[in-house]
Amino acid sequence: MQRRSLLRAGAAAAAMPLVSRAARAAPDPIVIGDLNSYSALPAFTRPYRKGWKLAQAEINDAGGVLGRPVEVVSRDDGGAPGQAVTVVNELIRRHGAELLMGTLLSNVGLAVADTAAQRRSLFLAAEPLTDALAWSQGNPYTFRLRPGTYVQAAMLAERAAKLDAKRWAIVAPNYEYGQSAVKAFKRLLRAARPDVDFVAEQWPPLFGIEAGSVTQAVASADPDAIFNVTFSTDLVKFAREGQLRGVFEGRDVVSMLTGEPEWMQPLGADLPEGWIVTGYPWDTLDTEAHTRFRDAYRARFDEHPYMGSVVGYTALHALAKAIEQAGEAGADAVAAQMRGLSLDSPFGGIRFRSVDQQSTMGTFVGETAVRDGRGALVDWTYKPGEAYLPSDDTAAEWRTAAGN
């Protein structure tokens, strides 16, 4: 018995260095820093986080990238540029993240892009829609996933130009996203319809709309149509007050983002019907790629996907593919692979253009409707981003003119 005990003890002692060596040999994770307005705008960022978590699970279950697991260190930017800059510096200095992704608000995205470029860290702006990210303030380290204000405005202006409407009113939040969207829409609609006139403009502060005074001012101008750029709580207040006052009756409304489930859901049956919008028909988009994504998302989280879900999912998969092709996770090497990178997404194949580092992801244009007490996007068409982006030569001119 003593001899057998000694043999077992010896075997265990001999195995211990092997276990330690195996532990030491475990590959270090690839750290990607994420930041978003998790506390300020949970309607979008909660699904966004679930989207990248699904992608992370898929990537790591398949063996990771370059034989290393992907680790996402995620932080809240508070919806504030100053706080976002602090978070970026923390992710880079404390966690060693050379690759960053996320943000939602355009002013926050611009602050992060500038800071990341100064630190020579790659930033994939997943959601911010301001065109400055790609053109006037573009830099070699910033890439953008979603179609920006110019592209979405071009899609909506195409539909707006066909309406029997000459007098237009504008309602938009008074910050970078709203200003960028209105500038693009006015320019593109006037190019298609020189006879249009913009008779009223309302610029409420972001998340501070006084819906009664805004709708009254719009009604007083007696427009034929309204271009709306509000979202989140501002959209809820504007839509409900406008319906209560009859502002939308007999008028066309063209509205950016309103067809996304994040922003329709809070309105429920109060969603105005018949608005021409950009959005996401999660329930009726039945392509193979989207069905596979939707089923995986539902199986993991027991809910349907949102636009934020698609954005988070695609963003992390894009970075993972670029790292794999680069053979390392350094910012410069990954950026070189991101330029021209093609990958599949729930909306189909997309590509990051080399000229402006903007992806060709598109979006859906359709009309709002209420189905079973909830908002829905109906009569929709998918509009690929490459059909509405400026040409390579034009994009290069815009970046060069701005010194980029």
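Colleague: What should I keep in mind before I start?

Modeller: The model is predicted, so to speak of local features needs pLDDT of at least 70, side-chain atom pairs count only at pLDDT 80 or more, and totals for chains, interfaces and linings use all residues. Residues are numbered from 1 along each chain as its sequence is written, and side-chain values use heavy atoms, leaving out hydrogens and water.

Colleague: Let's begin with strands. Which strands does β4 pair with, and in what sense?

Modeller: Helices (H or I, at least four residues) and strands (E, at least two) are DSSP runs, numbered from the N terminus. Two strands pair if DSSP finds at least two bridges between them. Here, strand β3 (residues 99-102) runs parallel to β4, joined by four bridges; in one of them, Leu-100 has Phe-123 of β4 as its partner. Strand β5 (residues 142-144) also pairs with β4 in the parallel sense, over three bridges, and Ala-125 has Arg-144 as its bridge partner there.

Colleague: What do β3, helix α4 and β4 make together?

Modeller: A crossover is right-handed if, with the strands pointing away from the viewer, the path from the first strand over the helix to the second runs clockwise. β3, helix α4 (residues 106-118) and β4 make a right-handed β-α-β unit.

Colleague: Are the faces of strand β4 buried or exposed?

Modeller: Buried means under 20% relative accessible area, exposed over 50%, and partly exposed in between, with a 1.4 Å probe and protein chains only. In strand β4 (residues 122-125), Leu-122 and Leu-124 on one side are buried, as are Phe-123 and Ala-125 on the other.

Colleague: Now the rings. How many aromatic pairs does the structure hold?

Modeller: A pair of aromatic rings is described by the distance of the centres and the angle of the planes. Rings of Phe, Tyr and Trp (its six-membered ring) pair if their centres lie within 6.5 Å; planes under 30 degrees apart count as stacked, over 60 as edge-to-face and the rest as tilted. The structure holds 22 such pairs. One of them, Tyr-177 with Phe-231, is edge-to-face, at 5.6 Å centre to centre and 85° between the planes. Tyr-177 is in helix α6 (residues 176-192) and Phe-231 in the loop between β8 (225-228) and α8 (232-245), 54 residues apart. Both Tyr-177 and Phe-231 are buried.

Colleague: Why is the pair of Phe-364 and Trp-380 edge-to-face?

Modeller: Their centres are 5.4 Å apart and their planes are at 85°, so the pair is edge-to-face. Phe-364 is buried at a relative accessible area of 1%, whereas Trp-380 counts as partly exposed at 26%.

Colleague: Finally, what does Ser-345 touch?

Modeller: Contact means heavy atoms within 4.5 Å. Leaving aside residues up to four places away in sequence, Ser-345 touches Ala-289, Thr-314, Ile-350 and Met-361. Ser-345 is found in strand β11 (residues 342-345) and is buried, with a relative accessible area of 5%.
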